[in-house]
Amino acid sequence: MPYLVPPLIPPGRLADSAQPALAVADDLLLRPWRSEDAPTIVAAFSDPAIQHWHLRRAETEGEARDWIEQWQDAWYSETDAHWAVVRPGGASDGPEEVLGRVSLRSLVPAIGLAECSYWVLPAARGRGVAPRAVSALARWSFDEIGFERLEIAHSVLNEASCRVAAKTGFALEGTRRHAHLHADGWHDMHLHARLRGDGANG
């Protein structure tokens, strides 16, 4: 049975090429995760603030490498896309520093829909890392790939995530009641969204 509306983003738009690195304001970079990033993943999910908003954690570097492999495979299946947020190293700047993670989850390319998610390591908080990373990812998603709508969903108790959404032009559309089960029980979730034609604050 034929579809009446062609896919907004044709199959293969992501998978037909390698996952790119994306430049971010102030010399940050989004790059694909690598196997050698496993210790950073373990450290991140040992942080209580990151643990609090997630359902799983990586307790060993082997588990973290499995996650990274899954993230790499997700690019080619066009279901998710995950980047490390890094400050590149150089001759005068020292080694590369991994600051956090930003991703597109639950991709539905046919209708141009995806959900943004992010976290920042404790040492990099308070430096505007998440807003800059989300802004760069949104620009690429709209301008280069052709997404129509990006969403951010977070617990109503996660005030830091709410601030990131507001700074990056994701309008608050409403609250979904008991939409996510965390370790401490059911959480109501704020739903934010940004459309391709919207202006951005970030």
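Modeller: A salt bridge here is a side-chain nitrogen of Lys or Arg within 4 Å of a carboxyl oxygen of Asp or Glu. This is a predicted model: local features need pLDDT of at least 70, side-chain atom pairs count only at pLDDT 80 or more, and totals for chains, interfaces and linings use all residues. Residues are numbered from 1 along each chain as its sequence is written, and side-chain values use heavy atoms, with hydrogens and water left out.

Biologist: How many salt bridges does a search of the whole structure find?

Modeller: Side chains of opposite charge can pair when their charged atoms come close. R31, D37 and E96 are linked in a network of such bridges. For the whole structure, the search gives a count of 11.

Biologist: How far apart are the closest N and O atoms of E59 and R57?

Modeller: E59 is exposed, with a relative accessible area of 51% (buried is under 20%, exposed over 50%, partly exposed in between; 1.4 Å probe, protein chains only). R57 is partly exposed, at 42%. The two form a salt bridge, and its closest N and O atoms are separated by 2.9 Å.

Biologist: R127 pairs with E97. How many residues apart in sequence are the parts that the pair ties together?

Modeller: The two side chains meet in a salt bridge of 4.0 Å, N to O. R127 sits in the loop between strand 5 (113-120) and helix 4, and E97 in strand 4 (residues 97-108), so the pair ties together parts separated in sequence by 30 residues.

Biologist: Which residue forms a salt bridge with E151?

Modeller: E151 counts as buried, at 18% relative accessibility. The closest N and O atoms are 2.8 Å apart, and the partner is R149.

Biologist: How many residues of helix 4 are buried?

Modeller: Helix 4 is largely enclosed by the rest of the structure. Of its 17 residues, the buried ones number 14.

Biologist: What separates the C-alpha atoms of L191 and G174?

Modeller: L191 lies in strand 8 (residues 185-195). At 15% relative accessibility, L191 is buried. G174 is 17 residues away along the chain, yet the C-alpha separation is 5.5 Å.

Technical notes
Helix = DSSP H or I, 4+ residues; strand = E, 2+ residues; numbered from the N terminus.
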